[in-house]
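Here are my notes on this model, point by point. Please keep the structure open while you read.

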Amino acid sequence: MKFTETMLNNFSQPLSNTEDQQCKNAINMVVNSIKPLGFQEKSLSLEPMYADTYSYYQVLESTSSNRRIKIFLQGSYANNTNVRTQSDVDIAVVEEDIFITNYRQGVNDANYRFVTAQPRPQSFKDEIEIALTNTFGTDVSRENKSIKINGNSYRKDADAVPCRRYKDFSLDYRDDPTNYIGGIVISADSGEQVINYPEQHIKNGKEKNVSTNHYYKKMVRIMKKMRYLMKENGISSANGVSSFALESLLWNVPNEYYLEYKDYRKVFMFSKLIDYLNSRWCTLNTFKEANGIKLLCPNSDIEEKMRSFINALTIFYEYE
């Protein structure tokens with residue numbers, strides 16, 4: 001399929017002001033739903049976690065105990081790499097006062113003077129589901145890893161993800177309770193536990209974008225749009241990779257490849273990025289997610305799906 005510079009310019013466009021406001025509205029409504037549980041906002045308004053990003057967040061603190069919840073935008077909207085105006089907003093709802101730890105060998109909670117939390121009558125996910133249902137009624141439905149809130153003209157469709165703070169102390173040799181790599185743990189209804197690092201992803205994405213003269217996120221939007229077009233054209237390999245994986249794939253391309261072609265047309269730069277990925281097939285198993293922590297292709301099956309997509313994209317993409 002042949003693409004023009006005009007087409008790629010359109011694909012690379014960021015969030016509109018309307019979408020930005022709808023994202024803020026979705027977070028504020030989640031915040032206001034949880035406050036009746038006995039919480040109040042720490043700050044007066046939503047702020048980005050990192051300057052020049054859409055990673056809006058709010059911290060709620062209990063009015064009667066030590067409970068603390070951090071609510072923030074994650075995913076493609078937070079990273080400003082969204083390309084479909086109807087896609088859901090991902091909102092992390094993180095329980096901060098109870099957390100899950102990982103230590104180096106021979107170390108345990110006692111070294112850090114942590115104590116085992118007393119069980120609560122309800123799970124955190126149950127608690128958040130009830131709070132959201134009290135506000136949004138039948139617009140709320142429970143999913144395996146999230147709680148879906150149907151949107152309207154005022155707010156975007158949203159997936160609220162109740163989770164717990166993850167603290168990895170395995171590289172700390174001082175027994176310092178503040179020296180950890182922080183993530184989130186999602187406990188799915190199926191029993192699966194997933195550890196993610198959305199805050200590092202947002203930070204790394206911003207830094208990558210600045211370092212590439214703001215071409216990184218433009219190229220991510222273009223590649224995501226290519227994936228949707230490939231799916232529409234019946235190319236099965238486009239179903240084997242996620243939008244998140246493509247964002248991470250391009251995060252692994254060295255900055256100099258963006259900067260080398262910054263004075264060329266986007267159709268040419270995108271072609272050269274595909275060429276780079278084709279030349280690195282044998283090292284895909286060393287690529288990291290955009291958080292810089294987890295492997296992008298942790299097993300051979302995922303690695304093969306990524307290779308299949310890159311090969312199909314090479315054939316699919318032509319420019320004039």
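1. Start at Leu37. In this predicted model, Leu37 sits in a loop. The loop runs between helix α2 (17–34) and strand β2 (39–41). Is Leu37 buried, exposed or partly exposed? Its relative accessibility is 37%, so Leu37 counts as partly exposed.

2. What does Leu37 touch beyond its sequence neighbours? Leaving aside residues up to four places away in sequence, Leu37 contacts Glu127 and Ala131. Take Glu127. Leu37 and Glu127 are separated by 90 residues in sequence. In space, their C-alpha atoms are 8.7 Å apart.

3. Next, contacts across the protein chain. Consider those between residues at least 6 apart in sequence. Of these contacts, 61% join residues at least 24 apart. The Leu37–Glu127 pair, 90 residues apart in sequence, is an example of a contact over such a separation.

4. On disulfides: how many does a search of the whole structure find? The search finds zero. Cys163 is in no disulfide, and the nearest cysteine sulfur, that of Cys23, is 18 Å away. A disulfide needs the two sulfur atoms within 2.5 Å. Cys163 counts as buried because its relative accessibility is 4%, and buried means under 20%.

5. Cys297 is in no disulfide either. For Cys297, the nearest cysteine sulfur belongs to Cys282, 13 Å away. Where does Cys297 stand on accessibility, buried or exposed? At 4% relative accessibility, Cys297 counts as buried.

6. Secondary structure. The protein chain has eleven helices and twelve strands. Helix α2 and strand β2, on either side of the Leu37 loop, are among them.

7. Overall dimensions. The protein chain has 320 residues, and a compact globule of that length would have a radius of gyration near 20 Å. The protein chain has 21 Å, so the value agrees with a compact globule. Along the principal axes, the C-alpha trace spans about 65 × 50 × 35 Å.

8. Burial and surface. Of the 320 residues, 47% count as buried. The protein chain exposes about 15400 Å². Carbon and sulfur atoms supply 46% of that area.

9. Last, charge. The protein chain carries 40 positive and 40 negative charges. How far apart are the mean positions of the positive and negative charges? They are 2 Å apart.

Key. Residues are numbered from 1 along each chain as its sequence is written. This is a predicted model: local features need pLDDT of at least 70, side-chain atom pairs count only at pLDDT 80 or more; totals for chains, interfaces and linings use all residues. Side-chain values use heavy atoms; hydrogens and water are left out. Buried means under 20% relative accessible area, exposed over 50%, partly exposed in between (1.4 Å probe, protein chains only). Helices (H or I, at least four residues) and strands (E, at least two) are DSSP runs, numbered from the N terminus. The radius of gyration is taken over C-alpha atoms; the globule rule is 2.2 Å times the number of residues to the power 0.38. Contact means heavy atoms within 4.5 Å. Accessible areas come from the Shrake-Rupley method with a 1.4 Å probe; for residues, only the protein chains shown count as cover. Lys and Arg count as positive and Asp and Glu as negative; His and the chain ends are not counted. The place of a charge is taken as NZ of Lys, CZ of Arg, CG of Asp or CD of Glu.
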